[in-house]
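Please look over the sequence and the structure shown here before reading the notes that come after them.

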Amino acid sequence: MAKFSVSPLCSPPSPRLQLHRQPFFTVSQPIAHPASSATDSNFTFTFATTSNLTPKVVVTRERGKNNKLINALAKHEISCLELPLIEHLRGPDFDRLPHALSDNAFDWIIITSPEAGSVFLEAWKTAGMPRTRIGVVGSGTASIFKEALLSSNKSLDVAFSPSKATGKVLATELPKIGNKTTILYPASAKASNEIEEGLSSRGFEVTRMNTYTTVPVQHVDQMVLKQALAAPVVTVASPSAIRAWKNLLSDSDWSNYVACIGETTAAMSRRLGFKNVYHPTQPGLEGWVESILEALGSYDELLR
């Protein structure tokens with residue numbers, strides 16, 4: 001049976017994770033040093049002047065996490081507007097994670113997002129870098145561990161990735177180790193129970209820890225939002241991000257295109273009422289770019 005951390009649904013605001021900075025907004029093609037900036041009391045807005053093109057794609061991950069996508073789209077001469085929609089906060093189990101790692105020897109640590117990986121690595125270093133076997137949901141999550149693997153003296157082993165980058169497939173394919181396989185699953189407080197339920201049904205002993213959560217950004221500049229609403233395609237990398245975009249739209253009749261990183265986010269987009277939703281079969285940067293190009297192609301066809 002799965003073990004779940006018991007966390008109150010309504011709790012005082014969590015402090016922001018120290019490894020992140022506040023969101024910002026950038027018009028970019030490609031990434032370059034900013035030429036000018038303007039600030040207010042809450043946020044810094046930075047504008048790149050490498051291109052005068054009107055942005056075609058809105059990228060919505062947190063500050064510093066959009067660069068790979070922006071640069072990949074720049075190779076196709078596609079300009080982007082950076083509008084972070086969510087930010088990550090510490091979860092109720094954040095402070096317990098280092099102790100869980102130092103006091104227990106789990107057969108697997110399951111990591112299903114880059115953010116979960118970043119939070120885990122911080123705790124793992126605090127715990128003294130114990131020997132750990134990692135299972136990741138896909139290549140994007142695995143890339144978070146690249147630098148740590150070089151300096152871990154082989155105490156960190158990214159040993160499993162499923163045939164398809166989804167939590168459901170991971171829970172189906174994760175190898176058992178011995179008669180009783182123990183799992184530590186540090187996750188977002190907003191993640192579904194799909195993984196621990198799937199693993200528990202196979203006889204794994206799962207301990208879930210809600211180490212972080214996601215919330216909508218506190219402030220969006222109206223000028224930047226106006227630009228975003230005019231862009232043909234908005235990209236989203238999580239259900240939280242598409243929910244935040246839906247909330248920003250309010251009563252707007254916006255009906256442009258949504259390009260999702262994978263099928264879970266696409267399913268949420270459709271449930272929220274978006275009609276023009278695109279996503280790759282396999283989550284990942286390359287497939288995501290192809291989906292964005294497909295969405296842009298459909299938009300261009302509509303204008304003809």
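Predicted model: local features only at pLDDT ≥ 70, side-chain atom pairs only at ≥ 80, totals over all residues.

Residues are numbered from 1 along each chain as its sequence is written, and side-chain values use heavy atoms, with hydrogens and water left out. Helices (H or I, at least four residues) and strands (E, at least two) are DSSP runs, numbered from the N terminus.

**Nonpolar cores**

- A nonpolar core is a set of buried Ala, Val, Leu, Ile, Met, Phe, Trp, Tyr and Cys residues joined through side-chain atoms within 4.5 Å, where buried means under 20% relative accessible area, exposed over 50%, and partly exposed in between (1.4 Å probe, protein chains only).
- The largest nonpolar core has 25 residues, and of these Leu83, Trp245 and Phe274 touch the most other members.
- At least two residues of this core come from each of α8 (222-230), β13 (233-236), α9 (239-249), β14 (257-260) and α10 (263-271), and α9 gives the most, with five residues.
- Another core, of 22 residues, lies apart from it and has Ile109, Ile111, Ala123 and Ile134 among its members.
- In soluble globular proteins, nonpolar side chains tend to be buried together.

**Strands around β13**

- Within β13, Val233 and Thr235 point one way and Val234 and Val236 the other way, and all are buried.
- Two strands pair if DSSP finds at least two bridges between them; β5 (residues 57-59) and β13 run parallel and are joined by two bridges, with Val57 standing opposite Val233.
- Four bridges join β13 to β14, and these strands also run parallel, with Val258 in β14 as the bridge partner of Val234.
- From β13 the chain crosses through α9 to β14 in a right-handed β-α-β crossover, a term that applies if, with the strands pointing away from the viewer, the path from the first strand over the helix to the second runs clockwise.

**A helix pair**

- Helix α1 (residues 67-74) packs against helix α11 (residues 285-303) at an angle of about 55 degrees, with the axes 10 Å apart; axes are lines fitted to C-alpha atoms, for helices over the stretch in contact, and angles run from 0 to 180 degrees between N-to-C directions.
- That angle makes α1 oblique to α11, because angles under 35 degrees count as roughly parallel, over 145 as roughly antiparallel, 65 to 115 as roughly perpendicular and the rest as oblique.

**Loop residues**

- Most residues other than glycine have a negative phi.
- Glu77, in the loop between α1 and β6 (80-82), is not a glycine but has a positive phi of about 60 degrees, and Glu77 is exposed, with a relative accessible area of 61%.
- Met129, in the loop between α3 (114-126) and β9 (132-136), has a positive phi near 55 degrees and is partly exposed at 34% relative accessibility.
- Val217, in the loop between β12 (205-216) and α8, is buried, with a relative accessible area of 13%, and the C-alpha atoms of Val217 and Ala241, 24 residues apart along the chain, are separated by 9.9 Å.
- Gly273, in the loop between α10 and β15 (277-278), is partly exposed, with a relative accessible area of 39%.
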